[in-house]
Amino acid sequence: MSHPSRREFLKSSATAACAAVCAGGPLALAAVPAPASAPGAAAPSATAAPSATPLPIKKGVLLDMLPEKLSYADRLKMARNVGFEVVQAPTEPDERRAEEIKKAAEGANIRIDSVMNMDHWKYPLSSNDPAAVEKSLAGMRTSLHNAKLWGSDAVLLVPAVVNPQTSYRDAWTRSQKQIRGLIPLAQELKVVIAIEEVWNKFLLSPLEMVKYIDELKSPWIKAWFDVGNVVLYGYPQDWIHTLGKRTVKVHLKDFKRKEDGYEWVNLGDGDVDWAAVRQAFADTGYAGSAVTELEGGDEAYLRDVSRRVDRLLLGAS
């Protein structure tokens, strides 16, 4: 099986995707949302969260959101200059490039705090093909070693994919078996494997995600919560409360329902109740990072995204 990359998913039709959801649940991966306006253009104002004590959450950005035409050094300097504290980088199998990213982060005085594993969609751990599973495991091993090199403390993992060839039960048992085999390496490297809820027809409720993580019985298995991914069929604030201290990292994006489908929009322009989300993070004492997972853009666009996080989530002016 194959799936589009997070960036490629942006280009798919919102109407067609909504029809697929209505017909049988989410089919695509956790999408990278498009900004409400073109990168660099003036963005519409977003509703602010009520003023309160700022939350101790570190504001992050995807490395892939930063201008690709720039060097790693310049991209990471830009991230710091527009207000981000941490970066999430994708799996990098090339050791020389991985070292370049490390030096660029050090030079920009910004931390790479997490790794986006890249092989879990095309080669899911839930596959019945041993070769596909081994490729998935190899990708996770690379991601975990990347995390150790970069000083990151977590690797994002989509644990399984349910499809016509893989039942829900098989996705559960197969993926847990493989994850248990990764725990010794995670423990050795002191890097958490963070399970994300995405549009994979799996872990469709917060109670289910709690059960899945708790059954693995390891402090090296936690939750990566994506605020936007659950809006179609749940409430982010409910997930935050239910996952509680299991949440180690967070993705930020927004989702807007429309008469003819839906669209991924910039933070504050969709249906996410940011005041409720902010309160839920305050209630649970979350103090990790919150990484924006949006389409990339220029410095002006990135600065606007950074300010939206301040206004909507962190309670900072």
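**Before you start.** Residues are numbered from 1 along each chain as its sequence is written. In this predicted model, local features need pLDDT of at least 70, side-chain atom pairs count only at pLDDT 80 or more, totals for chains, interfaces and linings use all residues, and side-chain values use heavy atoms, without hydrogens or water.

**Whole protein.** Show everything as a cartoon. The protein has 10 helices and 10 strands. These are DSSP runs numbered from the N terminus: helices are H or I with at least four residues, strands E with at least two. Of the 317 residues, 56% are buried (under 20% relative accessible area, 1.4 Å probe, protein chains only).

**Helices 5 and 6.** Select residues 130-150, helix 5, and residues 168-189, helix 6. Their axes come within 10 Å and cross at roughly 15°. Axes are lines fitted to C-alpha atoms over the stretch in contact, with angles from 0 to 180 degrees between N-to-C directions. The two helices are therefore roughly parallel (angles under 35 degrees). Now show side chains. On helix 5, the contact (heavy atoms within 4.5 Å) includes Val133, Leu137 and Met140. On helix 6, Leu182, Leu185 and Ala186 are among the residues that take part. This contact holds 8 nonpolar, 2 polar and 2 charged residues. Nonpolar covers Ala, Val, Leu, Ile, Met, Phe, Trp, Tyr, Cys and Pro; charged covers Asp, Glu, Lys and Arg; the others, Gly among them, are polar.

**Leu144.** Stay on helix 5 and pick Leu144, part of the contact with helix 6. Leu144 touches Val155, Leu185, Ala186, Leu189, Val191 and Ile193, leaving aside residues up to four places away in sequence.

**The core.** Leu144 is also among the residues with the most contacts inside the largest nonpolar core, as are Leu76, Ile193 and Phe281. That core has 95 residues. It is a set of buried Ala, Val, Leu, Ile, Met, Phe, Trp, Tyr and Cys residues joined through side-chain atoms within 4.5 Å. Helix 6 gives the most to this core, with 8 residues.

**Last stop.** Select helix 9, residues 274-284, and helix 10, residues 299-314. Their axes come within 8 Å and cross at roughly 70°. That makes helix 9 roughly perpendicular to helix 10 (65 to 115 degrees). Trp274, Val277, Arg278 and Phe281 of helix 9 meet Leu312, Leu313 and Leu314 of helix 10.

Terms used:
Parallel < 35°, antiparallel > 145°, perpendicular 65-115°, else oblique. Buried < 20%, exposed > 50% of the residue type's maximum accessible area, 1.4 Å probe, protein only.
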